[in-house]
Amino acid sequence: MASPQPGAAPGAGPRRPWTGKHVLLGVTGGIAAYKAVQLARDLTRLGAEVDVVLTRSARAFVGEVSFEGVTGRPVHAEILEPGHALDHIRLARAADVVCVAPATADFMARASIGRSDDLLAAILLATRAPVLICPAMNDLMWSHAATRSNAEKLSRLGYQLVGPAEGPLAYGEGSGPGRMEEPDVIVQHVGRALEDESRFRGRRVVVTAGPTREAVDPVRFLSNRSSGRMGFALAAAAWRRGADVDLIAGPTVLAPPAGLRVHRVETAEQMKRTVQRHIADAAVLVMAAAVADFRPRDAAASKIKKDATPESIALEAVPDILKETAGDRPSGCLVVGFALETEDGEANARRKLESKGMDLIVLNKTGPESGFETETNRVVLLDREGKAEALPLLSKDEVAERILDRIERRMPFLDE
Ligand code: CTP
């Protein structure tokens, strides 16, 4: 499935990857209900048909008209209304995923014991689609033993809890765990729940991203211009396809994507050791990191003063992570590398593919819209069978999806 970023790929118009999918969005009565309008809008923009069900208390916070306005569909509120007696069954069956956001403590209590005293609770019993529950409440209410026990019961029932996040709560309530996850994070979880057929499901994927840094002295370093965007996009997309993702990231300002584990590192040596720690049961290794190739042989222990400016700095090679972790990878682990070349791109990339034991290499073309520090990329995918596929200029999210499509074709399903 394509990326759930509502952005536009260059020249392609707005992308609507969830066309034909039904999301049932349940909204219960918490102050975070106002954010559910944004969530309904984002899901609709991705192409999904969004059926909103409001509980009675939700209507004290936010109105039906707002949801109708952003989804273009009628909003449902009452169970057993004349003419709508079977709505709970119809809506439950139509849903590909049910997402309750925000979910109050009271709703969680009712759902945990299987009540069906309003339309939303009844839908939870009648659906067989994946159910996401996004709690939102005061931190004291969240930490109460009754709520914790209800949350555990919901997990045991197979519902997935998304959040709560930590941060400022309602006006005057300070800060703590209890805040609803942000709509963009919930959208990512909905995307993962919608993905049913992926070969990535249940597989571990290790992705490296960003630059590495090698110290010259305590305040200076050698590095490169990599932003980490391509690797982050790959990690996020693999997670949405159901993978269990470890993202090993050099220094970058990018926010960690939803759901996956992020390990922050600085040097090539640290990146190598972190890959070794997480690779043992990986199905795929994607080396998107732009590893700084060399480091000062002797980093100065204190800041080099201007009047002691060295005429030269002796350098040595850093470990080659792909080569030096080859023995740690399980057999059958698919290896994807990157090559950023300024000349003889294909020949150089093919040489790297061979010498580093890769299954696929992504040749990055440098230019104003491609390579480091850009939102878009122009790449050629070269595989070990000698095939070359040149992709057009695409957003990095779109490139990530195309790379994962290629990887996925090389993977068997887990039960095959
Ligand atoms: N790579 C690595 N360890 C390094 C350097 C690179 O594992 N020390 C990985 C990169 O993450 C990438 C691939 O090897 O997936 C190719 O990286 P690149 O920098 O293009 O190749 P190098 O072998 O460093 O060759 P050169 O810089 O001379 O082009």
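These legends walk you through several close-up views of a predicted model.

In this predicted model, local features need pLDDT of at least 70 and side-chain atom pairs count only at pLDDT 80 or more, while totals for chains, interfaces and linings use all residues. Residues are numbered from 1 along each chain as its sequence is written, and side-chain values use heavy atoms, with hydrogens and water left out.

**View 1**

Now look at atom pairs. A backbone N or O atom of Ala289 is 2.8 Å from an oxygen atom of the ligand. For Asp293, a polar side-chain atom lies 2.8 Å from a ligand oxygen. Phe338 takes part through a backbone N or O atom, 2.9 Å from an oxygen atom of the ligand. On its own the ligand has 570 Å² of accessible area, and the protein covers 76% of it. Accessible areas come from the Shrake-Rupley method with a 1.4 Å probe; for residues, only the protein chains shown count as cover.

Find Arg240 in helix α9 (residues 229-240). Is Arg240 buried or exposed? Arg240 is buried, because its relative accessible area is 4% (buried means under 20%, exposed over 50%, partly exposed in between, with a 1.4 Å probe and protein chains only). Its side chain makes a polar contact of 2.8 Å with the side chain of Gln188, and another of 3.0 Å with the side chain of Glu401. A polar contact is a pair of N or O atoms within 3.5 Å; within protein, one must be able to donate a hydrogen and the other to accept it, and residues adjacent in sequence count only if both atoms are side-chain atoms.

**View 1. Thr71 and nearby backbone atoms.**
Thr71 sits in helix α2 (residues 64-71). With a relative accessible area of 10%, Thr71 is buried. Its side chain reaches the backbone oxygen of Phe67 at 2.9 Å and the backbone nitrogen of Arg73 at 3.2 Å.

Side chains of opposite charge can pair when their charged atoms come close. A salt bridge is a side-chain nitrogen of Lys or Arg within 4 Å of a carboxyl oxygen of Asp or Glu. Asp383 and Arg406 form one, at 3.1 Å from N to O. Asp383 is in strand β21 (residues 379-383) and Arg406 in helix α13 (residues 396-410), so this pair ties together parts 23 residues apart in sequence. Arg406 also meets Glu389 in a salt bridge of 2.6 Å, N to O. That pair links helix α13 with strand β22 (residues 388-390), where Glu389 lies, 17 residues apart. Asp383 is buried at 5% relative accessibility and Arg406 is buried at 6%, whereas Glu389 is partly exposed at 26%.

**View 2. Arg220, Asp217 and other salt bridges.**
How many salt bridges does a search of the whole structure find? The search finds 31. One pairs Arg220 with Asp217, whose closest N and O atoms are 2.4 Å apart. Arg220 is partly exposed at 35% relative accessibility, while Asp217 is buried at 3%. Elsewhere, salt bridges link Asp106, Arg110, Arg115, Asp117 and Asp118 in a network.

Terms used. Helix = DSSP H or I, 4+ residues; strand = E, 2+ residues; numbered from the N terminus.
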